[in-house]
Amino acid sequence: MTTNLPLSDDLIAQANARETAALEEDYAALGRQLERRGIDIDAIKGRVAGFSVAVPSWGAGRGGTRFAKFPIAGEPTTIYEKLQDCAVINQLSRVTPRVSPHFPWDKVSDYAALREEAASLGLGFDAVNSNTFQDQKDQAHSYATGSLSSTVAETRAQAVEHNIECIEIGKQLGSTDLTVWVGDGTNFPGQQDLARSLDRYLEAAAQVYAALPDDWRMLLEHKMFEPAFYSSVISDWGSSILAAQELGPKAKCLVDLGHHAPNTNIEQIVARLHRFDKLGGFHFNDSKYGDDDLDSGSINPHQLFLIFNELVEAELNPRDGFNPSYMIDQSHNVTDPIESMLSSAEAITSCFAKALLVDRQALHGAQESNDTMMAFQALRRAYNVDVAPILAMARMESGGAIDVLSTYRQSKWRERKAQERKPVGLGAGIV
Ligand code: PSV
Ligand code: MN
């Protein structure tokens, strides 16, 4: 297979050459500091090198809010251009080797060719996402009454069929997960029967479930509100786990960090879902109010760390299994999406690395003896470590950039694409 990587290796090597001496110094100093705590920095670096998080195809564009889109010159408009931008992110960060596509947004006529194109860019495909929250041109039945839970039988059948089509596409792309998020819900008390709408959802979702290949999972993504503001059919992790339990073992819950009420204890939700073998994956982003699109780790990096602390615990106690899928799901309208995704991938990987630094023996010992302060300090001591040299060293050793953002700017990728790509229309925002 021919490789077609978007940035030149020379550019990355030259940028790294200017940073290598300082990195080696910082890495050695951190290595000595961690050694005093009995931690082998190279072992942590090895775990970091094995970590990955998928990026969403739609995150390569400046999605913005549903109120406005402010396109930038050089923004991608096709899945092919989006893949190129995702390849830039992976080439620099080395932690985002998979792209999660969304249908019908990313529909093409030849999926084998799309898979090959992705592979030549060093990318594979992650979970396929269905879209029954928007009407498409020439669609027979509107989703105005909901999709999998609609009162209209033909609409439900159409939503089921679309999800099955996504599975078929996913098989061709090499995916093994179908992520299902429905915007179904109501805006008025009394608008729909709360129990019967869930019954309809479960019946339709079971038809999708029945079409899953043996090695596939169906990831149910809950969201408290928006676009429905009074009730959502799969509004919270309770509805999600009940639905997943009803559907069967291949149905798991997907936690989008922005889909909860403010201040919800998401790390506890993670522990609960894992306890019942229903932790399917994450959509990473951050949130200040009830939003779900701010850059990961930009508002509450400590929460992200606490989530990874639970994930490291879960991995050590796999119970029935531990295989959550990780993806970034963010899209706003103020930065170059490549830069946001690079920054988020770094924030996510940092929290993973910090969680690995937690002295588990000290933590568990303090928990058992009810030494609250020392239990908390076991977490605090790990959270306070600046793990940047570990991430940078892992990246450099696998061909990525020590300083991802500065190398990206030096590449002038966006400026070059502004000359080549057709301008994006104003369009509408997405949810
Ligand atoms: C819904 O807000 C969501 O988080 C789901 O993952 C969608 O598929 C995605 O955003 C894209 O709009
Ligand atoms: Mn999401």
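Where is the place of Pro104? Pro104 sits in the loop that lies between strand E3 (102–103) and helix H4 (111–120), where helices (H or I, at least four residues) and strands (E, at least two) are DSSP runs, numbered from the N terminus. The peptide bond that joins Phe103 and Pro104 is cis, with an omega of about 10 degrees. This is a predicted model, in which local features need pLDDT of at least 70 and side-chain atom pairs count only at pLDDT 80 or more, while totals for chains, interfaces and linings use all residues. Residues are numbered from 1 along each chain as its sequence is written, and chains are lettered from A and ligands numbered from 1 in the order in which they are written.

A cis peptide bond also joins Glu226 and Pro227, with omega about 10 degrees, and Pro227 belongs to the loop between strand E8 (217–221) and strand E9 (231–232). Another loop, between strand E5 (128–130) and helix H5 (153–173), holds Asp138, a residue that has a positive phi of about 65 degrees although it is not a glycine.

From the loops we can turn to the sheets. Seven strands, in the order E3-E5-E6-E8-E10-E11-E12, form an open sheet with parallel pairing; two strands are said to pair if DSSP finds at least two bridges between them. At the edges of this sheet are E3 and strand E12 (325–328), each of which pairs on one side only. Within the sheet, E8 and strand E10 (residues 251–256) run parallel and are joined by four bridges, and Leu220 has Cys253 in E10 as its bridge partner. Helix H8 (residues 266–275) lies across E10 and strand E11 (279–284), and runs at about 170 degrees to E10; here axes are lines fitted to C-alpha atoms, for helices over the stretch in contact, and angles run from 0 to 180 degrees between N-to-C directions.

A further open sheet is formed by three strands in the order E1-E2-E4, again with parallel pairing. Its edge strands are strand E1 (55–56) and strand E4 (124–125), each pairing on one side only. E1 pairs with strand E2 (residues 98–100) in the parallel sense over two bridges, and the partner of Pro56 in E2 is Ser100.

The UniProt record, an unreviewed entry, annotates residues 111–303 as "domain: Xylose isomerase-like TIM barrel"; such positions are given in the numbering used here, feature names are shortened, and annotations may be inferred rather than shown by experiment. Over residues 111–303 the chain is 37% helix and 16% strand, with the end C-alpha atoms 38 Å apart.

Two packed helices are described by the angle between their axes and the distance between the axes. The axes of helix H9 (residues 301–316) and helix H10 (residues 337–357) come within 8 Å and cross at roughly 55 degrees. That angle makes H9 oblique to H10, because angles under 35 degrees count as roughly parallel, over 145 as roughly antiparallel, 65 to 115 as roughly perpendicular and the rest as oblique. On the H9 side the contact includes Pro301, Leu304 and Phe305, and on the H10 side Ala347, Ile348 and Cys351 are among the residues taking part; two residues are in contact if their C-beta atoms, placed from the backbone, lie within 7 Å.

H10 is also approached by helix H2 (residues 41–49), the two axes coming within 10 Å and crossing at roughly 140 degrees. H2 is therefore oblique to H10. In this contact Ile44, Arg47 and Val48 of H2 meet Thr349, Ala353, Leu356 and Leu357 of H10.
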